[in-house]
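Subject: A structure for you to explore

Hi there,

Here is the structure I promised to send you. Have it open beside this email as you read, and take your time with it.

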Amino acid sequence: LGIPAVWEIANATGVADPGDAIIVDGATGDVHMRPSPDMEAAYIERVRLRARRQLQYLALRDKPCVTKDGEKITLMINAGLPVDLPHLDETGAVGIGLFRTELQFMVAATFPRTAEQFSLYRAVLDAAGEKPVTFRTLDIGGDKVLPYMRNVEEENPALGVRGYRLVRTHPELLDTQLEALAHAQTETGTTPLQW
């Protein structure tokens with residue numbers, strides 16, 4: 001979104017005074033309180049450089065996707081929330097290569113019901129139109145915890161109860177998601193889902 005964000009800064013509001021200049025570098029995770037003039041100038045130049053790069057990317061948007069040796073390639077975007085959908089047209093991507101469905105679950109206060117999931121998936125398919133979309137079913141566990149589900153401490157969370165292993169213990173999670181996806185596909189009349 002182009003909005004720098006850094007979190008988990010202890011006592012951030014207690015350290016800053018009203019009117020203080022603050023530089024938030026979302027790329028590095030750095031927050032600079034009351035930066036020196038030299039630091040401010042350096043960051044202003046970084047912002048200008050980023051704006052120039054964005055213009056360069058925009059100029060490349062409609063160029064053919066071909067490697068230097070003439071091989072055609074397909075460029076798609078990754079997404080996970082409705083706010084990502086306008087990027088499909090902005091970038092000129094030919095589809096959504098990966099739609100991370102778990103983000104909807106991570107930002108919700110409660111477990112998204114079938115109707116809420118359907119609304120999101122329908123919006124994704126509507127935005128994509130005839131362009132292909134690959135939905136990744138719920139991938140939680142490890143570093144991706146849901147605020148409304150009990151978190152289990154595991155020795156190696158990356159290899160623990162997540163993805164398919166989670167669905168084996170809670171098949172209703174996948175059933176609900178597949179029902180919402182199939183309903184969204186039927187409603188939009190898009191290419192049939194492939195399982």
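Below is what turned up, starting with the sheet and moving on to the salt bridges.

Please keep in mind that this is a predicted model.

**The sheet**

Let's begin with the strands. Three strands form an open sheet in the order β3-β4-β5, and their pairing is parallel. Both β3 (77-79) and β5 are edge strands with a single partner each, so one side of each has no neighbour in the sheet. From one strand to the next, the twist averages 20 degrees.

If you zoom in on β3, you will see that it pairs with β4 (residues 96-100) in the parallel sense over 3 bridges. Which residue of β4 stands opposite A79? That is F99.

A helix belongs in this picture too: α5 lies across β4 and β5, and it runs at about 160 degrees to β5.

**The salt bridges**

How many salt bridges does the structure hold? There are 8, and here are some to look at.

One of them joins D89 and K131, whose closest N and O atoms are 3.6 Å apart. D89 counts as partly exposed because its relative accessible area is 46%. K131 is also partly exposed, at 28% relative accessibility.

Now find R122 in helix α5. R122 forms a salt bridge with D126, and the closest N and O atoms are 3.5 Å apart. Because these two residues are 4 residues apart in helix α5, about one helical turn separates them. R122 is partly exposed, with 28% relative accessibility, and D126 is partly exposed with a relative accessible area of 44%.

R122 has another partner as well: E187, with the closest N and O atoms 3.2 Å apart. Here the link is between distant parts of the chain, since E187 sits in helix α7 (residues 171-188) and R122 in helix α5, 65 residues apart. E187 is partly exposed, at 42% relative accessibility.

Happy exploring, and do write back with any questions!

Best wishes

Conventions: Residues numbered from 1 in each chain as written. Predicted model: local features only at pLDDT ≥ 70, side-chain atom pairs only at ≥ 80, totals over all residues. Heavy atoms only, no water. Salt bridge = Lys/Arg side-chain N within 4 Å of Asp/Glu carboxyl O. Buried < 20%, exposed > 50% of the residue type's maximum accessible area, 1.4 Å probe, protein only. Pairing = 2+ DSSP bridges. Axes fitted to C-alpha atoms, helices over the stretch in contact; angles between N-to-C directions. Contact = heavy atoms within 4.5 Å.
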